[in-house]
Amino acid sequence: MNSANNSNSNEKALEVRTHDIPIADAMTEFMKIGWAPSPLTGVKPHPSIPFTKIRREKLSKQYPGIRLIFPSGSLKVRSNDSDYPFRAHSAYSWFTGIISLDCVPDSLFVMEPNGSGHDALLFIHPRSPRDSDEFYKNARHGEFWIGRRMTLEETETKYGLKTEKIESIEEFLANKKDTLIIRGEDKHIDGLVAENEEKEKEFLNFTSLMRIVKDQYEIDEMQKAIDVSVRGFADMIRVFPAAISVPRGERVIESAFYGRARLEGNDLGYPSIVASGAHACVLHWIKNDGDVLPGDLILIDAGVEVESHYTADITRTFPVNGKFTEAQRQIYMIVYKAQQAGIAAVKPGAKFKDFHNACMVEIAKGAAELGVLPISVEDSLKPEGGLHRRWQVCGSGHHLGIDVHDCAHARKEQYAEAVLEAGMLITVEPGFYIQPDDTLFPEEYRGIGVRIEDDILVTESGAKILSNALPRHPDEVEAYMAKLLK
């Protein structure tokens, strides 16, 4: 694979890579002629425009007279001159609405104070013109290498932003004024902006917190991501027989979901967890190199990121052969009841941590019924107790949106200790994980790990399960699998 280095300081190296073939002067002259105009047709304003305008207006009121800079981020080297796939910084995407197919590395979105508010300015590397040699020589930006980008005019039409060439940014920033930047995403631009650690930390916090209540565009995009992910789960179940038949079958299942993500979305929202057998007890199992064996459970935590960068986050635990054993069903039902209680606790005015606490009541009850909790349920649920957390050491959910763990720069009092509002979108995902060496349990329970996770919209009256199309009750799960595995 041929690709360019991601460092701004290495732009010149693009023309002197050791494996490049020199281009003769005659070829250079020949490449200047014979090109027909090729504008994009049908470019229309993007549906995000009215929503991003409102977001920017709110931000402008918070920071009057201050220049605000959001880098898209740069390419990152995977190996030598091969880069990881580019994914723009979430704040850049959220304030511009630019979808993944139109995002260009090393772009900047700038909100420039104008006296009464801010002008929205986008600095990008536009389409390589045919009157330069970039389009065929430059492996980082050239159209022959990476495909066509939009022109300045096309970008303005689609996203409603005044657009300039990125080459003009140094001159633009030479006009110094109070500036805040999302630092750490573009080293070159960082070097042009004076650092103010405390104010930049607050800026990152505020722009993250702005996303905590979703607008209708975001809710619609989230539903798209969830619907595609549900189809991806069906794809995975269909390949269970193939996964059983080969070593490292977890990767057969993982690949099926990735195919759906690339077909209908942008990418995975996060690395898929495909955890068969005792691997389900590893909370962030992403090696996905285990065998898939009949008689085991398989825990799958996966979400598709759509072109707008919004991602689903869904977990289901399936019996590999389509039927739960008695021990598996017992553990599954503890988690099912915990999730039902958690979802019931989601409503406006409730605290964010209330749904986790509701889940924990059922987890503690379940452990007590199984005879492994050495104290009473009441004592275990006290802050100084918590023994039931041996089987669920993590929390039971998080905010979800343009990042899988959305609004992560919100402070504790703004997140874990905050009150739920209509428009928030969260996950509810209790689990029960019995490690394979947990001698408190009889042998038939050891190595069982179960998690059930759904994406929940807080509504005016309670909660709406956006991922409800994927069955949860064990009877429904078995029927669903039987239909797919015919």
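These notebook entries record what I looked up in the structure.

I am working with a predicted model, in which local features need pLDDT of at least 70 and side-chain atom pairs count only at pLDDT 80 or more, while totals for chains, interfaces and linings use all residues. Residues are numbered from 1 along each chain as its sequence is written, and side-chain values use heavy atoms, with hydrogens and water left out.

**Aromatic pairs.** I searched the whole structure and found 22 aromatic pairs, where rings of Phe, Tyr and Trp (its six-membered ring) pair if their centres lie within 6.5 Å, and planes under 30 degrees apart count as stacked, over 60 as edge-to-face and the rest as tilted. I looked up Phe233 and Phe318, whose ring centres are 6.5 Å apart with planes at 55°, so this pair is tilted. Phe233 and Phe318 are both buried, meaning under 20% relative accessible area with a 1.4 Å probe and protein chains only (exposed is over 50%, partly exposed in between). I then turned to Trp391 and Phe441, an edge-to-face pair with 5.9 Å centre to centre and 90° between the planes, and noted that both Trp391 and Phe441 are buried.

**Aromatic cluster.** I noted one aromatic cluster formed by Tyr63, Phe70, Trp94, Phe95, Phe109, Phe203 and Phe206.

**Arg130.** Which rings does Arg130 lie or sit over? I found Arg130 over the face of Trp35, at 5.2 Å from the ring centre, and its charged end over the ring of Phe135, 4.5 Å from the centre; the test asks for NZ of Lys or CZ of Arg within 6 Å of the ring centre and within 35 degrees of the ring normal.
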